[in-house]
Amino acid sequence: MTSTTEPTRTDRHKPDGHEDAATKPRVHRRGTLEYVAWAVCVLVTIGVTRTLVTNENYQWDVVAQYLTAPSIIRGLVLTVVLTFAAMFFGSVLGVVIAVLRVSPLRPVRILAGAYLTFFRGTPVLVQLIFWFNIAALYPELAIGIPFTDISQDIDVNRLISATTAAVLGLSLNQAAYQAEIVRGGFASVDKGQIEAADALGMSRLTKLRRITIPQAMPTIVPATGNQFIGMFKETSLVSVLGVAELLQSVQLVYARTYQTIPLLLVACVWYLVMTVLLSYPQSLIEKRFSRTRARVGNDPVPSQIGLIGDAK
Amino acid sequence: MNGDGTVFARGLRKSFGDRVVLDSIDLDVVCGQIVCVIGPSGSGKSTLLRCINGLEEVDRGVLRVNGEDLGFRETATSYRARKRKEVAAQRSRIGMVFQSFNLFPNMTARQNVMSGPVLVKGKPKAEAARRADALLASVGLEGHGGHYPWQLSGGQQQRVAIARSLAMDPNVMLFDEPTSALDPERVGEVLAVMKDLAERGMTMLIATHEMGFAKEVADTVMFMDGGLVVEQGAPKDVLCNPKERRTQKFLESVL
């Protein structure tokens with residue numbers, strides 16, 4: 001307590017202090033903790049850098065050699081494709097499930113709830129292996145028109161390749177999480193908005209398209225961006241299915257050369273680079289939507305009062 | 001139609017769980033009549049208005065708005081729910097103004113006013129926009145069409161909300177404490193718009209705490225308490241000469 005006010009006190013004792021007191025800058029204290037934290041930070045940085053450089057087992061030359069190897073780049077491309085595919089199908093299905101989840105029809109809500117329980121209640125890895133082996137459960141799939149003779153048998157083993165299983169598994173799982181995000185967005189829309197739309201006689205679809213979804217977007221979009229980054233890393237799981245994405249590609253190499261660590265580092269570098277690249281648009285989107293969100297309320301937030309004043 | 005602009009109710013009853021919020025309410029509102037509903041908070045006046053445009057469903061009783069049973073169709077033994085489309089059509093003819101405005105924040109003032117005609121009635125956008133600008137001008141907001149709700153004051157927002165309701169050409173307008181969320185200096189501009197509307201012959205039911213407005217504009221004042229209509233009649237009788245003790249006590253507390 002005393003030390004906080006000390007600078008002002010010593011100043012006051014100066015001969016001219018009284019006249020100038022009003023113009024003196026306010027100096028804030030830097031706590032001991034901050035200096036300690038800086039010291040720890042520097043020590044950790046030095047330690048990590050030193051071991052990265054001096055420990056020869058990292059084999060940075062091998063990392064550099066494989067970083068842009070064609071097979072690795074192919075794996076990286078497949079990882080990106082898987083991410084976009086799973087996010088696309090997952091998001092579309094997620095919105096559908098979220099809408100079903102708030103349906104006025106109870107059986108529809110129950111079915112959507114069951115979907116969520118299953119896909120959020122079991123590990124993605126297990127789901128992926130499950131889809132890969134689905135042929136063991138249903139060896140043949142008959143696609144046809146019910147109550148007619150028109151039908152086509154399809155060999156499930158051929159239909160569900162490793163890549164299909166990967167996209168299917170990641171999408172279905174993502175849909176469950178996306179549905180929860182969308183539902184949270186719906187819940188963030190003020191009840192009065194729905195009442196106003198009802199009072200105008202809007203149909204359910206119009207309400208959803210014109211009122212609920214646009215107003216839920218500020219909540220949904222940033223969370224979806226996070227999911228995107230998460231999905232990018234989650235695709236590494238499909239390496240167990242033998243899909244030659246980034247992780248599997250490096251595994252194929254080190255299985256041959258036994259340079260496990262440097263090749264894992266290759267994968268890490270690419271994952272890091274891509275997540276950092278994805279984080280940038282994500283932070284822009286988040287900023288943009290947090291601004292619109294502030295505008296959404298009935299009362300202007302403090303930062304906008306000036307803006308409104310300017311407009312007048 | 002002959003029943004346009006009327007509200008008829010017999011023995012309306014509404015409860016939330018065990019709590020009875022409306023108890024045997026009777027209403028006979030004729031075309032062009034201005035009814036002010038007054039009473040302490042929790043007396044059921046908001047619920048009554050919300051029932052009249054179907055935001056809440058009544059448990060029992062007869063409720064006819066614009067000459068039609070609202071939301072249900074009378075059969076020999078029961079009231080059967082109408083199709084969703086029919087209900088929406090009925091509600092589009094009943095305007096509702098909320099205490100918290102409930103303007104759509106993702107739309108400009110003009111788009112808010114256009115929303116009903118375009119999204120519900122399927123009117124062409126250009127025509128709806130012209131009409132919206134005319135309506136905004138009629139509530140004293142000429143040139144504000146391009147502003148978003150957050151750029152408008154509470155009083156302006158509420159006037160946009162009134163214009164939005166009017167855009168649907170309703171026969172009955174319901175106002176649920178339209179000035180309660182406003183700064184005191186903004187109340188007058190909203191009441192002026194409502195008064196103007198009353199003079200043009202709109203049937204209006206207004207839940208309000210503005211006793212001066214009720215005295216000046218209303219044809220009938222209804223005092224509600226505990227879900228019951230305690231007293232109703234001409235404003236000068238109910239407001240200046242209340243017969244019921246509960247009415248007297250309430251008026252003493254607010255004046």
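Me: Over residues 261–280 of chain A, what percentage of the chain is helix, and how far apart are the end C-alpha atoms?
Reply: This is a predicted model, in which local features need pLDDT of at least 70, side-chain atom pairs count only at pLDDT 80 or more, and totals for chains, interfaces and linings use all residues. Residues are numbered from 1 along each chain as its sequence is written, chains are lettered from A in the order in which they are written, and side-chain values use heavy atoms, with hydrogens and water left out. Residues 261–280 of chain A are listed by UniProt, in an unreviewed entry, as one of the stretches under "transmembrane region", and such annotations may be inferred rather than shown by experiment. With helices taken as DSSP runs (H or I, at least four residues) and strands likewise (E, at least two), this span is 0% strand and 100% helix, and its end C-alpha atoms are 29 Å apart.

Me: Why is the pair of Tyr115(A) and Phe119(A) called tilted?
Reply: Rings of Phe, Tyr and Trp (its six-membered ring) pair if their centres lie within 6.5 Å, and planes under 30 degrees apart count as stacked, over 60 as edge-to-face and the rest as tilted; by this rule there are eight aromatic pairs over all chains. The ring centres of Tyr115(A) and Phe119(A) are 4.4 Å apart and their planes stand at 35°, so the pair is tilted.

Me: Is Phe118(A) buried or partly exposed?
Reply: Phe118(A) forms an edge-to-face pair with Phe119(A), at 5.0 Å centre to centre and 85° between the planes. Buried means under 20% relative accessible area, exposed over 50% and partly exposed in between (1.4 Å probe, protein chains only), and Phe119(A), at 7%, counts as buried. Phe118(A) has 43% relative accessibility and therefore counts as partly exposed.

Me: Which three residues supply 32% of the area that chain B buries against chain A?
Reply: Buried area is the accessible area (1.4 Å probe) that two parts lose on being put together, summed over both, and for chain B and chain A this comes to about 2200 Å², 58% of it on carbon and sulfur atoms. The three residues that supply 32% of chain B's share, more than any other three, are Phe104(B), Leu119(B) and Trp150(B).

Me: Which side chains meet in a salt bridge?
Reply: A salt bridge is a side-chain nitrogen of Lys or Arg within 4 Å of a carboxyl oxygen of Asp or Glu, and the count between chain B and chain A is one. At 2.5 Å, N to O, the side chains that meet are those of Glu195(A) and Arg50(B).
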